[in-house]
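Me: Could you walk me through this structure? I'd like to go over a few salt bridges and strands with you.

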Amino acid sequence: LPADALRRAARGLPSVADVQVRRTLPNRVDVLVRERVAWANLQTDTGAWFLADRFLVPYRRIDAPAPGLPSIRYGLWPASMVVLGEPAARADEAAALRFCVQWTRRHPEFPVASVSIDRSGKLCLNRAG
């Protein structure tokens with residue numbers, strides 16, 4: 001069994017965050033897969049929704065935002081440019097968006113409907129109501 005090919009194939013799946021493949025004697029291969037965990041609903045400027053992990057890597061297209069997850073509107077790209085399993089935002093933008101979402105979780109007195117970032121890089125907390 002080509003372990004490297006198996007590793008590449010598993011890493012090529014959008015919902016896989018990490019994979020380890022080990023050969024053990026005598027004739028065994030151990031495969032450990034860590035799946036991405038839904039952290040936010042990500043909406044493109046064309047209105048498409050995706051589940052994304054905490055690094056803003058979209059890994060599944062969805063019809064509507066998943067309940068219980070924050071919604072992030074990311075107006076820098078259309079849905080046609082989304083590559084599942086690839087980061088949707090630059091590292092600095094992802095860090096800023098993560099910071100905002102974490103802040104909203106620590107401050108329930110400020111109910112947030114969504115966090116958005118526009119084409120100019122302007123970050124906005126949209127208060128619920």
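**Salt bridges and strands**

Me: Which residue forms a salt bridge with D53?
Reply: A salt bridge here is a side-chain nitrogen of Lys or Arg within 4 Å of a carboxyl oxygen of Asp or Glu. For D53, the closest N and O atoms of the pair are 2.8 Å apart. The pair links distant parts of the chain, 17 residues apart, with D53 in the loop between strand 4 and strand 5. The partner, in the loop between strand 2 and strand 3, is R36.

Me: Before we go on, what kind of model is this?
Reply: Residues are numbered from 1 along each chain as its sequence is written, and side-chain values use heavy atoms, with hydrogens and water left out. Local features need pLDDT of at least 70, side-chain atom pairs count only at pLDDT 80 or more, and totals for chains, interfaces and linings use all residues, since the model is predicted.

Me: Is D53 buried or exposed?
Reply: Buried means under 20% relative accessible area, exposed means over 50%, and partly exposed is in between (1.4 Å probe, protein chains only). D53 has 5% relative accessibility, so D53 counts as buried.

Me: How many residues apart are R7 and D4 in helix 1?
Reply: Helices are DSSP runs of H or I with at least four residues, strands are runs of E with at least two, and both are numbered from the N terminus. The side chains of R7 and D4 meet in a salt bridge at 2.5 Å, N to O. They are separated by about one helical turn because their spacing in helix 1 (residues 3-11) is three residues.

Me: Which residue in strand 6 does L42 stand opposite?
Reply: Two strands pair if DSSP finds at least two bridges between them. Strand 3 and strand 6 pair in the parallel sense over four bridges. In strand 6, L42 stands opposite I72.

Me: And what is the bridge partner of L42 in strand 4?
Reply: Strand 3 and strand 4 (residues 49-52) run antiparallel, joined by four bridges. In strand 4, the partner of L42 is F50.

Me: Which residues point the other way from A40, L42 and T44 in strand 3?
Reply: In a regular strand, side chains alternate between the two faces of the sheet. Strand 3 (residues 40-44) is mostly covered, with five of its five residues buried. A40, L42 and T44 point one way, and the other way point N41 and Q43.

Me: Is S71 buried or exposed?
Reply: S71 lies in strand 6 (residues 71-74). With 11% relative accessibility, S71 counts as buried.
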